[in-house]
Every structure is written in C-alpha cells, then in structure tokens.
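Here are my notes for you, written as a colleague would pass them on. Keep the model open while you read and look up each spot as we get there.

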Amino acid sequence: MASTASVTAGLISKTDYDTFNAKISTIAGSSLNSGYLWVGNGSNLAAPVTLSGDALLSNSGAVTIAGSTITSAKIVDNTIATADIAAGAITNVKLDTGIDASKITAGTLPLSVIPTIPAAQIASLEVSQLVSTSGYFSYAPGGVNCADGELLRWTIVTGWQCTNNTVITPAGNLGIGMSSPNARLHIETSDNTTPAAIFRGPQNNAAIDIEQTDTIASYPARINFKRNLNSAATTGSTSLGALDFFAYDGTSYYPAAKIISTATANTTGASSPGDLRFMTTPTGLTNPSERMRISDTGKVGIGTASPVAWLDVAGASSSQSILSVRSSGSGSLPVVSIQSTTTSVPLLDISAVGTSRLHIAQANGNVGISTNAPQATLHVNGFMKLQPLGGQPATCDTNTEGSIAYGSNSRKICYCDGLGTWRQMFDNNSCTW
C-alpha cells in the first residue's frame, strides 16, 4: 500500500526492495568524477560516462567542443541565445528561409549562403559579418577570395567571380573598367565602338547636372576635356574634345551638329594653342560641315577656316547675301555702329577685286568713291549722275539749302537757295520741273 505524502518512513515488500535496489546500487553512495555524468546503459542501468575527446563538460555545466570537429549542425531558431564562434572555426554557414538575420551580431562568416531574408533584417545585419577588416568583400560563395577593392560578380557560365575592373577604394572612389580610380567616379574603356557611359531618361531626366557649391564666385561648374597621345605631348591638329548632337530617324542616330576644339600647334609647358570650330548638317546630308571658327588668335571666321580679320565673313554663293543687317525695332541707336579709337586706319573700306569702291577716312570723315584717298568731303573718282526729276524734289528752305537736283523739263542743274526757290545754276532763274 502506498504511503501518503506526509509519511516519511514505512515498509515495502522484499520483492520491491530487491528490484529498486538493483537499479540504484550502481550509483547509491558512489562518487562521480569531474566531467562525467550518469547515463543509462543497454541493461537499463545508470553508468558514469564522459563526453568524447572533442567535447568536454565542466563542473558548472558548460560544454566545450574542440575546433574543426563539427562538420554539420542544425540550430533551431531561439534555441541558442549567445554563441561565440572563433574566426575560421565555421567553414560554411547557411541562413535558411525564415531565419532572422538581424540576430547575427559582430563576428566573421567566411562563407555565407543567404537564400531569402526579409529586407528589414538585411538592413540590420552588421557589415562585419560579410566583409573583411579592410572593408571589402573578402570571401564569396564557392570559396572565391577577392582582393581589396574587388567586387563580387555572378555569371551563369562561371558562377561567382571577383572582378578587378569594377572597384571601390577605401576613399570611396568608384572605378569602372579600371582598378585604380583617382576620382569619385572613374570610367575607362578600350572599346572604340561603344560609349563609356550612356545617360537615358524621359523628358528632362536624361540631363546631366553639374553643380558648384563653393562660396568663391570665380569657381565655375565646369566640364574638362583632356587629351594626350598615349601619355605623349599633344601635337598640332590633334582633336582635343567635341560635343556631338545626334538626331534619330526611328532606327539610327545621325549627326546634326558638332562643336570641336583642335590643337593648332605642339603643346609645351609654355604654350597650348587651340581653336574652336562650329559645324552643322544641312538638309539632304548626314555629315556636318564647318560653319564658323574662332582661331587661336581670337579671330572669327564665318565661311572660312583661316580668318584674317577679327570678323572675316566669306560667302560661298553669289546668289546669296554675305552679310545682312536688319532692324525691326525703334529707338535712337543706329542699326550699325562703327567706332574706333585711332585715326591711322580707315573707318570703312569696301573693295571689289582689290579696288576700293567706298572709303571713309577716319581722320577727317572724307568719303571717297572709287578712291581710298579722298581729298574732299565727297571725292568721286569718275563721273556722277543726277537722275532727272519731273517735279520739285523737296521744299526749299534752310534745311535743304545747298541741295542740288536735275530738272527734267529745264534739263539744267538746280540748287536750293534756302529762301524758298530752286534756281538754275549759271543764270539763277527759277527751275522748271
């Protein structure tokens, strides 16, 4: 009969005692060595055993596992609160679907396979888990070791690879197509058929904004075009840089305009001359032609590649005006204003086939027709014709005094006496028109 809970002593049968005593006789009153524990054996009896040489159990209950002895382990979520993993002790870590990666704290995972982890958990994953102490991806799946600055790349044919033509330096410089970038973005290409970079976008989003934020007003936002001959000095006629403008026909792009700069002589530490050329493509063609050039001396040529004056305009066709000056507004300023601070050169000289046709001397304002050395206010080298008039040309008063005209009726030259009468020269009689 079983005793109640309050009974501390009692009697059992001899048979029950022998059965119970056989089970505990091995441990009753026996000592247990450090690092051992009681484990039931094949005879259903308790026996003192110790862990294998790869695992030790301390008196405090801590289990120590020797390095490189566990080849496969599955850790159920929330079963281990803290784990101290020595560097290099784990050769393969797989974070399976649903594992909370944010629980991983400082340490190094030499080889990691991460199939599907929520973005919020990846954001909290410490960088030290995936990169070496130098700040680069030092290990990759498949045992690929990447050098400092190299990025990891996956291809279907070769799998994981390290690439040294796309790198990020400790200073934050990004290099594409090269391994030693010396700018925040450094792009190099050896392919002469493909652009180094393409910017594409709808509406205004394909633009490139260059912003200068320095407080010094003389520092511009700028684009630099630099040219050398495979690290050799630039020579004359070398194209230094160009801005090309292309139009699209629905299938291909064709050049519509171009601005190009060319070195005009060999470059030295004391001289780097160059010009600037402007080109456009006319209707019916797909190749631009030069329209205007600014020489290395600052002379501007329109229709000529060798300007000999500060503005040199050369027409290509006699059926078109070479220069047309028009004004559609009103005001007190002249349509064309020619000013000079010297009297040693003419103010205006219009020549044809090497002969001066209209000349205005700057020293005294004399006008020469067919002469470049006028000796009077109006000097005509040749004859002058007055068109016969069938009526009085204007009211004769003090404003028109001294004007001359040729009367078609009297066939005589008449002049205005300033007193209201047009008179014939030589006899002073009134003119008849």
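Predicted model: local features only at pLDDT ≥ 70, side-chain atom pairs only at ≥ 80, totals over all residues.

1. Side-chain values use heavy atoms, with hydrogens and water left out.

2. Start with strands E9 (residues 150–155) and E10 (residues 159–168), which run antiparallel and are joined by six bridges. Strands here are DSSP runs labelled E, at least two residues long and numbered from the N terminus, and two of them pair if DSSP finds at least two bridges between them. A hairpin of three residues takes you from E9 to E10. If you want a spot to look at, leucine 151 sits opposite threonine 163 in E10.

3. Now find methionine 178, in the loop between strand E11 (174–176) and strand E12 (185–187). Is methionine 178 buried or exposed? It counts as buried because its relative accessibility is 9%; the cut-offs are under 20% relative accessible area for buried, over 50% for exposed and partly exposed in between, with a 1.4 Å probe and protein chains only. Leaving out residues up to four places away in sequence, methionine 178 touches Asn164, Asn165, Thr166, Val167, His186 and Glu188, where contact means heavy atoms within 4.5 Å.

4. Next, the open sheet: six strands in the order E13-E14-E15-E16-E17-E18, with mixed pairing. E13 and strand E18 (311–313) are the edge strands, since each pairs on one side only. In general, strands of a sheet pair through backbone hydrogen bonds, either parallel or antiparallel. Within this sheet, E13 and strand E14 (residues 253–263) run antiparallel, with nine bridges between them. Alanine 242 stands opposite isoleucine 260 of E14.

5. Glycine 274 belongs to strand E15 (residues 274–280). It counts as partly exposed because its relative accessible area is 29%. Not counting residues up to four places away in sequence, glycine 274 touches Thr262, Ala263, Thr264, Ser295 and Asp296. Serine 237 is 37 residues away along the chain, with 8.8 Å between the two C-alpha atoms.

6. Salt bridges next: the structure holds six of them, each being a side-chain nitrogen of Lys or Arg within 4 Å of a carboxyl oxygen of Asp or Glu. Which residues are linked in a network of salt bridges? They are Asp275, Arg277, Glu290 and Arg293. Aspartate 275 is bridged to arginine 277, with the closest N and O atoms 3.2 Å apart, and also to arginine 293, at 3.8 Å. Aspartate 275 is buried at 5% relative accessible area, and arginine 293 is buried at 13%.

7. Another salt bridge joins arginine 423 and aspartate 417, at 3.0 Å from N to O. Here arginine 423 is partly exposed, at 27% relative accessible area, whereas aspartate 417 counts as buried at 13%.

Notes:
Residues numbered from 1 in each chain as written. Helix = DSSP H or I, 4+ residues; strand = E, 2+ residues; numbered from the N terminus.
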